[in-house]
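Below is a two-chain model to read alongside its sequence.

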Amino acid sequence: MMDAADRRIINALQGGFPVSERPFRDAAVELGLDEGDLIRRIERLQADGYLSRFGPLYDAENMGGAKTLAALSAPEAEFERVTEQVNAFDAVAHNYQRAHDLNMWFVVCSDTPGGVKETLDAIEAETGLKVYDMPKLEEFFIGLKFELDEKDAEDAA
Amino acid sequence: MILDDTDRQIVRATQEGLPLDPQPYHRVAEALNLDPADVMTRVRRMLDGGAIRRIGVIPNHYALGYTFNGMTVWDVDDARVSELGAKVGALDFVSHCYHRPRHLPLWRYNLFAMVHGRSKDAVERQVERIAELLGDEAHDHRILYSTRILKKTGLRIKETG
């Protein structure tokens with residue numbers, strides 16, 4: 001169950017968490033909370049599954065590595081086998097089943113420039129399926145805009 | 001930006017999250033046998049250099065009720081994709097927007113926009129708005145709903161490298 005302060009935390013703290021001696025105390029001031037309360041609320045939001053994580057969001061491409069979105073078409077009867085094979089790669093960060101002939105879409109991250117291609121080649125070899133590489137050619141600015149309103153609190157409760 | 005071994009140690013120690021402690025950077029420093037001021041300097045440098053996009057809460061859209069995520073894909077002229085992508089990315093309900101390569105004949109779509117909603121209807125209304133915005137510039141589009149999350153771990157960097 002989330003209250004107004006929880007929603008404020010989720011809306012206001014998707015970025016900008018301070019890098020300081022007492023960052024929770026500094027962030028709490030902005031949110032009208034005290035340090036201990038903010039820490040406990042984040043702990044609880046995380047335990048309840050409303051947060052996937054709390055901390056830095058790293059960007060593989062800006063760390064000298066690389067990242068891509070790739071897709072493949074797994075035969076229905078072999079979908080579970082292919083899922084296990086693809087997910088077994090540590091470089092596969094996210095994987096979604098989607099309703100299309102290309103029914104498996106996954107993100108591959110690597111901390112080396114060549115790591116992505118190596119992983120895609122290895123996935124082709126392992127699954128015996130063609131992998132379609134769809135790296136971003138250009139990213140359009142979106143900013144931070146995932147916002148919760150009153151209705152979200154009800155739905156999420 | 002170039003990360004050194006110490007930066008990478010910090011990445012490995014924090015990629016699953018910061019300690020929920022009044023002095024999280026001090027706890028990271030202790031675990032790595034580093035000076036807290038050095039850890040904070042390096043974290044700030046990674047923020048400035050873009051290795052860290054942001055620090056804060058990472059919401060779980062599904063748990064928050066946004067259970068429908070549609071990857072919308074559009075076929076627009078390559079010559080105009082930058083201009084049109086900027087317009088689509090500016091819509092308040094689009095969470096990611098990219099130009100990606102086509103794979104003809106199987107895959108003709110070169111503009112990807114991710115939308116999130118609490119219902120399929122909500123997602124479809126958003127797609128209508130993108131379609132109106134693009135008008136005749138969009139030759140074709142599709143919504144690829146996710147039917148199952150197969151894996152979601154986020155970035156993991158290796159022990160070596």
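Exposed means over 50% relative accessible area, buried means under 20%, and partly exposed lies in between (1.4 Å probe, protein chains only). The buried residues of α3(A) are A:E35, A:L38, A:I39, A:R41, A:I42 and A:L45. They sit on the same side of the helix because they cover an arc of only 165° around its axis. That arc is taken from the directions from the helix axis to the C-beta atoms.

This is a predicted model: local features need pLDDT of at least 70, side-chain atom pairs count only at pLDDT 80 or more, and totals for chains, interfaces and linings use all residues. Residues are numbered from 1 along each chain as its sequence is written, chains are lettered from A and ligands numbered from 1 in the order in which they are written, and side-chain values use heavy atoms, with hydrogens and water left out.

**Helix α3 of chain A**

The helix covers residues 35-47 and has 13 residues. From first C-alpha to last it reaches 18 Å, close to the 18 Å expected at 1.5 Å a residue. The expected span is 1.5 Å times one less than the number of residues. Helices (H or I, at least four residues) and strands (E, at least two) are DSSP runs, numbered from the N terminus.

At the helix start, a side-chain oxygen of A:D34 comes to within 3.1 Å of the backbone nitrogen of A:G36. After the helix comes A:G49, with a positive phi near 90°. What do the buried residues of α3(A) pack against? They pack against α1 (4-12), α2 (23-31) and β1 (51-58) of chain A.

**The core**

The largest nonpolar core has 37 residues. Such a core is a set of buried Ala, Val, Leu, Ile, Met, Phe, Trp, Tyr and Cys residues joined through side-chain atoms within 4.5 Å. Those with the most contacts inside it are A:I9, A:L13, A:F17, A:L38 and B:Y25. In each chain, α1, α2, α3 and β1 each supply at least two residues of this core.

Take A:F17. Leaving aside neighbours within four places in sequence, its contacts (heavy atoms within 4.5 Å) include A:F24 and A:F54 in chain A, and B:L18, B:Y25 and B:I55 in chain B.

B:R42 lies in helix α3 of chain B, and B:S95 in strand β3 (residues 94-99). A polar contact is a pair of N or O atoms within 3.5 Å; within protein, one must be able to donate a hydrogen and the other to accept it, and residues adjacent in sequence count only if both atoms are side-chain atoms.

| Residue | Relative accessible area | Side-chain polar contact |
|---|---|---|
| B:R42 | 14% | B:D7, 2.8 Å |
| B:S95 | 18% | B:H96, 2.9 Å |

Leaving aside neighbours within four places, B:R42 is also in contact with B:D4, B:T6 and B:I10. The C-alpha atoms of B:S95 and B:D7 are 29 Å apart.

**Chains and domains**

Chain A has six helices and six strands. Buried residues make up 54% of its 157 residues. Its domain 1 is 4-56 and its domain 2 is 60-133, with C-alpha centres 33 Å apart. Chain B divides into domain 1 (5-49) and domain 2 (68-145), and their C-alpha centres are separated by 38 Å. These bounds come from an automatic or database domain assignment.
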